[in-house]
Amino acid sequence: MHIKPRALAVSFILAVCAVLSFSPESSAAQPNIVFVISDDHDNEHLGFMGNEIVHTPNLDKLANSGTVFSVAHLPMSRCHPTLASFLSGRWPHQSGIYYNYGTKKLSSSNSLPGQLKKAGYATYVEGKYWEGDPREMGFTHGKGKTARTFVRKGQEDLFSFIDEVGGKKPLFIWWAPLMPHTPHNPPKKYRDLFTNVKIPVPAYISAENRETFLKKERLSFAMEAWLDDGVGQLEGKLKEKGLYENTLFVFLIDNGWCNGRPSKGSPFEKGVRTPVFFTWPGKIKGAQRFGCLTSTLDVFPTILDYAGAEIPEGIAGKSLKPIIDGKTTENREMLFGAIYPAFATKDDQRPERDIYAIYARDKRWKYIYYLQDVKASMSGKYFRIQSIATEFPARKKGDEDLYDLDVDPLELKSLGGKPGQAERMKKMRAQAIKWWKDTGGKAFDTRSPPAAAGEPQSKGGKKNRRKKKGGKNKETGDKPAEKANQVLSRHVTVAMFKGKEYRLCRGRTSRCPKTCGQSGEFAVFSVEGYLEYEKPGKYGDPMKKTFRFQVSDFDKKPLGNSPEAKVVASMKDGDYARLEWNHEYDGSMPSRPVRLVRKIGKADALKLLKEARKPGGQ
Ligand SMILES: [Ca+2]
């Protein structure tokens, strides 16, 4: 294990101070535990990680008064799988939760809140939580579907819980606001912090992406400041109740986010890396920092260890407490991960088929092996790889990346094809595959490259695409996908038509001879309010949103001849409509077919909007 000499010296001095300042009250056996889960956060956008622009004073103070593991990896780069791993202590291919949108339910057996509940904890959940009824998972208090309001609108329910139960039972708080996650709409006071701040533009940002980068970066900083303020408010509440001194804070990010590099949904460091810290005043060494390779799977047993709860057999991680306490320096020699698309095959529970990249990483080298083609046309919709102000990482099935993280921490230049690296890559590939097998992964059976199975975005749009997807998969011999699409959500809205626009495809399709041609004409609707909204397992949407419905193809030929399509195509600027559509998934690509559209007058629209905005309405 590597410990920075300077950090070690500081930790020694502070540890001595901490020992001297112990009071009898702080020796309670079970700490309150606050599990702070930041959502879609750049691992370098934290003051305690060395960023001098970001405004995260509360998190910085907590981190610096505790023990930081600065190089930790998540088991996936998207939140449903990672949150499931925090709850279960298992890899996504072990728990079955390896994508965001699916029907598989996480087992509640030996869950983190369940184990804590058994150990006497009152367990509270608020913010992002994907697993249905939180009571079944072992949460005794709180709500699991408040991601869009929790902290953004306040923490009153949580504070009432602290008032009611604090001091009577040890508390566990799953603190997971949808922040700094989109919508990036921070109040002015946070935006103002960065208005006049000079933000450096990295050399790899192209001239045409410069303004986008700066705008997005400012918004990210403001969102992170907002998140940090929420942490400060919670600290204030715990102090007011006299609970702070006996509270263990645990911090991590659920998946990465980055302006300028591919992040969420990718196998890159910006997607899978997070710092983790543990802070418990007087109990955990302050100003201690470890650069050893760590997995966030280790957080599950570490929390249970500190809580005096039973650590279940067969979990993927190991408690970090012995390292924090200086009793061992043993930790992982390598980090591994399997990366999946956002959408898996309907009702499929076959990670060995859906996995698109596997990686291995040691202190210096990062090796990635691709098991499916990753291309522009699929990157945004199917893989949902966040590539803001940057190019998506196009790779072919069988491609390999190798990065020297010592000189190239942002993985800008793959050494995959360089002579002299073949042995290293062979060894790391074998290590990655060994890890996969050792952790229960089955033999890879990944889908055919789109060139063989039918490029999802090519040849005649959705109609032909669905037909193709129904065909037999040559490589795997899989049965055709079911014809009926999976309805992810249904929407009835009041919409105002805002004109039409052409959207550019970001890569080659068979209809588009260039890599940047038009891909179709879209009717643009500003959704003003939801009359009905159904989204099982997901959160409500904001009242205002813009949607685009494709009305013609590349050659401006109308798509579909249904009455609904004709009405959408005939809408003019400022026209109002009562609009019903589904958010559907055909096993490969999400789509938004219109089910019904009725043009309505302004008076009717305003009436419906009033209904939609009534308290208790959608
Ligand atoms: Ca997330």
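The bridge partner of H73 is S295, a residue of strand β8. Here helices (DSSP runs of H or I, at least four residues) and strands (DSSP runs of E, at least two residues) are numbered from the N terminus, and two strands are said to pair if DSSP finds at least two bridges between them. The structure is a predicted model, in which local features need pLDDT of at least 70 and side-chain atom pairs count only at pLDDT 80 or more, while totals for chains, interfaces and linings use all residues. Residues are numbered from 1 along each chain as its sequence is written.

Strand β2, which spans residues 67-73, is joined to β8 by 6 bridges, and these two strands run parallel. Towards β7 the arrangement is antiparallel, with 5 bridges, and F69 stands opposite V276 of β7. Strand β2 is mostly covered, since 7 of its 7 residues are buried; a residue counts as buried if 20 or more other C-beta atoms lie within 10 Å of its own, as exposed if there are 12 or fewer, and as partly exposed in between, with C-beta atoms placed from the backbone.

## The chain as a whole

The secondary structure of the chain comes to 19 helices and 18 strands, and of its 618 residues 46% count as buried. Two residues are in contact if their C-beta atoms, placed from the backbone, lie within 7 Å. Among contacts between residues at least 6 apart in sequence, 70% join residues at least 24 apart.

Strand β1 (residues 32-38) pairs with strand β6 (residues 247-253) in the parallel sense over 7 bridges, and F35 stands opposite V250 in β6.

Another open sheet has 4 strands in the order β9-β10-β11-β12, with antiparallel pairing. Its edge strands are β9 (335-339) and β12 (400-404), each of which pairs on one side only. Neighbouring strands of this sheet are turned by 15° against each other on average, direction ignored. Helix α15 (residues 422-438) packs on the sheet and touches β9, β10, β11 and β12, its direction making about 70° with that of β11.

Within this sheet, 5 bridges join the antiparallel strands β10 (residues 357-361) and β11 (residues 365-370), and Y359 stands opposite I368 in β11.

## Backbone details in the loops

The loop between β5 and α8 (188-191) holds P180 as well as P183. A cis peptide bond joins M179 to P180, with omega about 0°, and the peptide bond from T182 to P183 is also cis, with omega near 0°.

V151 is a residue other than glycine with a positive phi, near 75°; V151 is placed in the loop between β4 and α7 and counts as buried because it has 23 C-beta neighbours inside 10 Å. A287 is not a glycine either, yet has a positive phi of about 50°; A287 is found in the loop between β7 (273-279) and β8, and its 21 C-beta neighbours inside 10 Å make it count as buried.

Helix α9 (residues 210-240) has 31 residues and reaches 45 Å from its first C-alpha to its last, close to the 45 Å expected at 1.5 Å a residue; the expected span is 1.5 Å times one less than the number of residues. Just after α9, G242 takes a positive phi of about 75°.

Definitions and conventions. Axes fitted to C-alpha atoms, helices over the stretch in contact; angles between N-to-C directions.
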